[in-house]
Structures are given as structure tokens and as C-alpha cells.
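Hi everyone, thanks for making time.

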Amino acid sequence: MNRNRSMFLLSALVFGFAFLYIPILSVILYSFNESRLVTVWGGFSLKWYGELLGDRQMLQGVWLSLRIAAVTATGAVIVGTLAGLVLARFGRFRGRTLLSGMVTAPLVMPDVITGLSLLLLFVAFAPLPFVPDQRGFATIAIAHITLTLSYVTVVVQSRLATMDDSLEEAAMDLGARPTKVFLLITLPIIAPAIVSGWLLAFTLSLDDLVIASFAAGPSTNTLPMMIFSKVRLGVTPEINALATLMVSVVAIFVVIAGVLMARQEKARQRDVQLAKAGDGSVTGAPA
Amino acid sequence: MAPQSYVTLGERLSNGIELLLRTVTHSTPYRWSNRMLRTRGVTGRTIVIAVPWVWLLLFFLVPFFIVLKISFADTRLGQPPYTDLFQWVENQYLQVRFNAGNYLFLLQDSLYAQAFVSSVKVAAISTIFCLALGYPMAYGIARANASWRNVLLLLIILPFWTSFLVRVYAWIGLLRNNGVINNVLMAFGIVDEPIVMLQTNFAMYIGIVYSYLPFMILPLYSNLEKHDQTLIEAAVDLGATPLRAFLRVTLPLSMPGVIAGSMLVFIPAVGEFVIPRLLGGTDSLMIGRVLWDEFFSNRNWPGASAVAICLLLVLVVPIMIFQRYQLREVGGDARK
């Protein structure tokens with residue numbers, strides 16, 4: 001019976017992972033296809049990569065999207081970390097329920113609603129001073145920060161929830177001001193959460209089509225918008241090449257991050273064990 | 001060796017931060033503004049709370065009220081393409097023009113009602129498929145041994161980091177008439193002519209399940225991983241079959257994960273635009289697509305706003321369920 005269960009779970013895993021990875025692998029495979037037709041394997045070629053690198057418009061889109069993503073990730077990390085800190089450490093205050101509601105709702109809110117509402121906000125506020133009249137970089141970045149800061153908040157908040165606050169209390173007791181405690185104690189401890197929050201916000205921003213389409217002006221074309229308009233016309237091998245590049249960059253990053261994190265975790269566990277083993281012998285150890 | 005080489009990077013960094021803090025706090029503008037704020041009862045704590053609070057209020061909550069307002073406006077030619085609700089007549093009377101026509105139109109034209117029904121249906125069926133595939137996967141990962149578990153988790157998260165648009169696009173290449181799947185099926189002589197899969201509801205379901213599967217697996221996994229195995233052993237020792245032990249112990253305990261995962265799939269899927277547009281048929285009536293077309297093709301901003309408000313009303317209950325779960329799960333306790 002137990003064996004049956006394992007077999008069932010194993011086949012579910014195999015099927016599930018095949019389902020998740022076959023499409024990605026097929027894109028990678030066909031990006032090296034000489035032929036324009038997806039039907040035929042025309043032999044190995046790097047032709048589409050060359051074509052991609054020659055496409056100035058596409059490269060401009062890539063550059064614009066990368067800049068927006070970097071600004072978004074940085075902004076989202078600042079606001080999102082503050083929100084996470086406030087929700088995890090500040091106890092009760094007026095407006096707490098509203099804040100936690102406003103943090104979780106964007107996680108599930110359909111993009112079309114968020115996009116439309118932000119666009120109408122930008123249009124309604126356009127006559128006011130300090131508001132850019134032209135929609136473009138700034139409005140997309142604001143929209144993306146709003147979308148992604150929730151993810152940062154959730155990551156930071158759950159890191160803070162699992163973290164013991166006795167270190168912070170000790171620093172406070174020793175006379176450190178709250179700002180100093182945050183910068184010297186809390187920030188280094190939640191740094192991994194902030195880094196993964198930054199990367200998450202970066203990828204989400206780089207990937208977003210719907211909200212950017214609403215928030216962008218007529219002359220702004222981000223990478224996802226370009227991909228979308230090309231894909232609507234059918235499969236283009238150039239997109240295969242672009243997709244392969246994006247997937248490989250992400251895969252390399254994620255694998256490196258995973259290895260580093262696993263190594264760190266192992267080192268931490270070893271330290272914990274050493275500390276535990278050391279406990280008993282402390283009295284006997286030479287000073 | 002010089003003694004300062006023993007100073008670690010961390011120490012140097014913290015020394016730097018201390019110095020920076022001291023310089024800032026001793027500077028005249030800081031002290032001045034600090035005194036100004038303090039006399040008005042504004043503390044650093046208030047400012048830290050205010051930053052995310054004001055940001056989200058301004059860019060998340062307020063926009064909904066603007067959508068609500070514009071959903072009662074009329075379309076007009078020009079920029080912006082809607083009329084103002086409030087107008088000062090002769091600088092003394094406030095004229096309010098409320099136009100419920102957009103909502104009446106939504107009610108009258110059966111196309112919208114159909115779109116809402118079919119969106120909820122498609123999202124619900126996709127959620128069930130995600131659950132059926134995701135639950136055994138999450139359970140399998142949670143029961144795998146520790147070294148495998150991290151690798152498998154990484155493999156679940158990896159697609160999440162790659163472009164969603166690209167992953168949806170990948171299915172076009174697989175599902176087309178002369179795509180990979182049909183080629184394989186015809187090469188093995190299973191079918192004689194290609195099966196039409198792209199631009200059907202089938203392709204749309206595949207796309208949604210595929211894109212949202214990680215959102216189902218991750219909360220399920222984080223729940224299943226915490227289960228105490230001894231409970232199952234106790235149930236089995238007391239004579240329950242493994243199936244019965246699963247149904248009576250594991251499944252009820254995992255309900256929070258099931259609910260969280262389902263909401264993470266269902267709610268965005270109802271308003272999904274990209275997948276129906278790229279994989280679904282031209283006749284696929286998804287509300288996200290209707291809203292998009294209303295806005296971009298018809299330039300009917302008030303109409304699109306009314307659709308958005310109705311969509312929000314449909315989703316308000318699922319969103320509240322999700323929030324209750326999220327509040328309980330992620331350190332929602334106000335400890336102090």
C-alpha cells in the first residue's frame with residue numbers, strides 16, 4: 001500500500017515536471033533551428049540570435065524594460081521593507097488593518113483592474129503640478145512599484161516573523177536608537193529577504209505586459225509589449241532566441257543563488273551543532 | 001600584517017553606517033526638522049508607518065474610487081475620453097451628473113453576463129485541475145528526503161522566475177496545427193491529420209493551469225511540510241488504512257494550504273487577459289479580454305470602468321477569504 005502511494009506520488013512529480021519544463025525546453029531547442037518553420041528541423045544554427053542582436057527596436061525595448069525593472073525593484077524594496085517592518089514589529093497602530101489589507105490585495109488583484117485604475121489615476125492627476133504630463137517611464141515604474149512592493153513586504157515580513165527579536169531588544173537596552181538598531185541589527189539579518197525581494201520585483205516588472213500597457217504612453221514600448229505584438233502575429237524564431245537568453249540568465253542566477261543559500265544553510269547548521277557540542281565542554285575548556 | 005586587516009568587512013560597514021548616522025543626526029537641517037516634527041507630535045515611528053501607508057493609499061486604494069467615479073461618467077470625444085461628473089455651473093452650483101447607463105448596458109447586453117459566467121467557470125475549472133496536479137506534487141516534495149526536497153522546490157520556483165509571456169508563447173509552438181505535439185502524434189501514426197488545439201478552450205485551460213501551477217504548489221508545500229508525521233502513524237496504528245488516514249488527518253490539516261493555493265490561482269485567473277488572448281479562441285469570452293477591448297479598441301473608458309467595478313464585486317469575497325488566510329499565515333500577530 002505504501003509502495004503504491006510512493007509510485008503515485010512519483011508519477012505525479014514526473015508528469016508535473018514534464019508539464020512544467022517541456023514547453024521551455026522546446027523553445028530552447030527551436031531557437032537553434034535553421035528553418036523558419038517550426039515543423040521542420042533545418043539543422044543547428046545561431047541565425048536567430050544574430051537577427052535578434054541586429055534588431056535595434058527590440059534592443060531598445062530590452063534596455064527600457066531593464067531600467068524600469070531596476071528602478072521598480074529598488075523602489076519596491078524601500079517601501080516594501082518599511083511595510084514589512086511596520087507590520088511585523090510595530091504592534092498595533094491606527095490603520096494597521098487597512099495597511100495589511102492593502103498589502104495583500106495586490107498579490108491576487110487581476111492585472112487589468114490594477115492597470116486600469118492606475119491609468120485613470122494618472123489621467124485624473126495629470127493637471128496637478130509635479131505630475132508628469134507624458135505617460136511613460138515614470139508612470140510605469142510607479143505602477144510596477146505598487147504591484148511588486150507587496151511581494152517584498154510578504155518576504156520581509158515572514159523573515160522578520162521567524163527571526164528572534166531579542167537581538168533588537170538587547171541593542172535597544174544597551175541604548176541604541178531605533179534607526180541604529182534597524183541599520184546595524186535588523187537590516188543585516190533580513191538582507192537575504194531584501195535581496196530576494198529585489199530580484200522578485202525585478203523579474204515581475206520585466207515580465208509585466210498588462211499593467212505597463214495601461215500605464216504607458218503611446219510612444220513607450222517595453223519588451224513585453226514588443227513580444228506580445230510579435231507573438232500575436234504568430235511564432236517568430238527571433239522570440240525563441242530571446243526567450244532562450246532570458247531563461248538561461250535566470251536559470252544561472254537562480255542556480256547560483258540556490259547553491260549559495262544551501263551552502264550558507266549548511267554552514268549555519270554546522271555552527272549550531274558546534275555551539276551545541278561546545279556547550280557541555282565550556283567549563284572544561286582552557287580559557 | 002597591519003592590525004586593521006583583522007577588521008572584517010561587516011565591522012567596517014557598521015562603522016561606516018555609524019559615522020554616517022552621526023553626521024546626519026548632527027547636521028543642522030536634520031536637527032531643525034526633527035524639532036519641528038517633534039513639536040507637532042510626529043515621531044520617527046509615524047513617518048516609517050506613513051511611507052508605505054500613504055503610497056498604497058494613493059496608488060492602490062484611491063484609484064479604485066476614481067474607477068468607481070468614472071464608471072458613472074459618459075463617453076465623449078477628446079482627451080480624456082469621459083465627461084466630468086461634477087461641474088460648477090456659474091461658479092456657485094455644483095452640478096452632478098450621474099450616468100448609470102454603463103451598468104444598465106452591462107445588464108442588458110447578455111455578452112457581458114456570459115463573459116462573467118464563463119470567466120468564473122474557466123477559473124474554477126483551472127483551479128480544480130491545478131489542485132489535482134499540484135496536491136500530489138506538493139505532497140511528494142514534502143515527503144521526499146531533505147537533499148531532494150530543495151532541488152525539487154527550486155525546479156518548481158524556476159519557471160516562476162522566467163517570463164510568463166514567454167512561457168505562454170512556448171505553448172503556441174507546441175499546440176499549433178504544425179506544432180510539436182501534432183508532429184509527434186502524426187509521426188507515430190496516432191492521428192492522420194493534426195488536431196486543432198490552439199485557439200480553443202483546451203489550449204486556454206492548459207495555459208492557465210501551466211502558468212498558475214507554482215502558485216498552487218508553494219502554499220500547499222509550506223503547509224504539508226509542517227505536518228507531524230506521527231499523527232499519520234498514530235492513525236495507521238489505530239487501524240486506519242493509509243487512504244483513510246490521508247482523508248481524515250492529512251487532508252483536513254492541509255485545508256489552509258488548499259484554500260490559499262486555490263485563491264492564488266482562482267482570483268487572478270478570473271481576470272486573466274494574456275492567456276485567453278494568445279491561446280484561447282476568438283470567441284473565448286473572458287472578462288479580462290472584454291475589459292481590455294472595451295478600453296483599448298473601443299476607447300470606452302467609462303464602460304471599461306464599469307466592467308472593472310463588476311469584476312471587483314465578483315472577486316470581493318474570494319479576496320477577503322485570501323486575506324484572512326494571509327493574515328493568519330504571515331506573522332499577522334501584533335505581539336506587542
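How far apart do the C-alpha centres of domain 1 and domain 2 of chain B lie? The answer is 49 Å. Before I go on, please keep in mind that this is a predicted model. As for where those domains run, the domain assignment for chain B puts domain 1 at 1-42 and domain 2 at 105-329.

Let's stay with chain B for a bit. In this chain you'll find 15 helices and two strands. Its C-alpha trace spans about 80 × 80 × 50 Å along the principal axes. The radius of gyration of chain B is 28 Å, while a compact globule of 336 residues would come in near 20 Å. Of the 336 residues in chain B, 39% are buried. And if you take the contacts in chain B between residues at least 6 apart in sequence, 69% of them join residues at least 24 apart.

Next, the two chains together. Here 82 residues of chain B are in contact with 79 residues of chain A. On the chain B side, helix α3, residues 44-70, gives the most, with 18 residues. What kinds of residues are on that side? We have 60 nonpolar, 17 polar and five charged.

Now for the nonpolar core. The largest one has 158 residues, and those with the most contacts inside it include A:Leu116, A:Ala201, B:Trp171 and B:Leu291. Helix α9 of chain B, residues 201-224, supplies the largest share of this core, namely 15 residues. Have a look at A:Leu116 on the screen. Not counting residues up to four places away in sequence, A:Leu116 touches A:Phe214 in chain A, and in chain B B:Val67, B:Leu291, B:Phe295, B:Ala304, B:Ser305 and B:Ala308.

Let me zoom in on two more residues, one per chain. B:Phe322 sits in helix α15 of chain B. Is B:Phe322 buried or exposed? Buried, because 22 other C-beta atoms lie within 10 Å, and the cut-off for buried is 20 or more. Leaving aside neighbours within four places in sequence, B:Phe322 is in contact with A:Thr104 and A:Val108, plus B:Ala260, B:Met263 and B:Ile267. B:Phe322 and B:Leu264 are 58 residues apart along the chain, yet their C-alpha atoms are separated by 7.8 Å.

Over in chain A, we have A:Leu204, which lies in helix α8, residues 178-207. A:Leu204 counts as buried because there are 21 other C-beta atoms within 10 Å. With neighbours within four places left aside, its contacts are A:Leu147, A:Thr148 and A:Tyr151. From A:Leu204 to A:Ile145 is 59 residues in sequence and 10.0 Å in space, C-alpha to C-alpha.

B:Gln199 isn't a glycine, but it has a positive phi of about 60°. You'll find B:Gln199 in the loop between α8 (180-187) and α9 of chain B. B:Gln199 has 18 C-beta neighbours inside 10 Å, so it counts as partly exposed. B:Arg299, again not a glycine, has a positive phi of about 50°. Where is B:Arg299? In the loop between α14 (287-297) and α15 (301-329) of chain B. B:Arg299 is partly exposed too, because it has 13 other C-beta atoms within 10 Å.

That's my tour. Over to you for questions.

Technical notes:
Residues numbered from 1 in each chain as written. Chains lettered and ligands numbered in written order. Predicted model: local features only at pLDDT ≥ 70, side-chain atom pairs only at ≥ 80, totals over all residues. Core = buried A, V, L, I, M, F, W, Y, C linked by C-beta atoms within 7 Å. Buried ≥ 20, exposed ≤ 12 C-beta atoms within 10 Å, placed from the backbone. Helix = DSSP H or I, 4+ residues; strand = E, 2+ residues; numbered from the N terminus. Contact = placed C-beta atoms within 7 Å. Domains from an automatic or database assignment. Rg over C-alpha atoms; globule rule 2.2 N^0.38 Å. Nonpolar A, V, L, I, M, F, W, Y, C, P; charged D, E, K, R; others polar.
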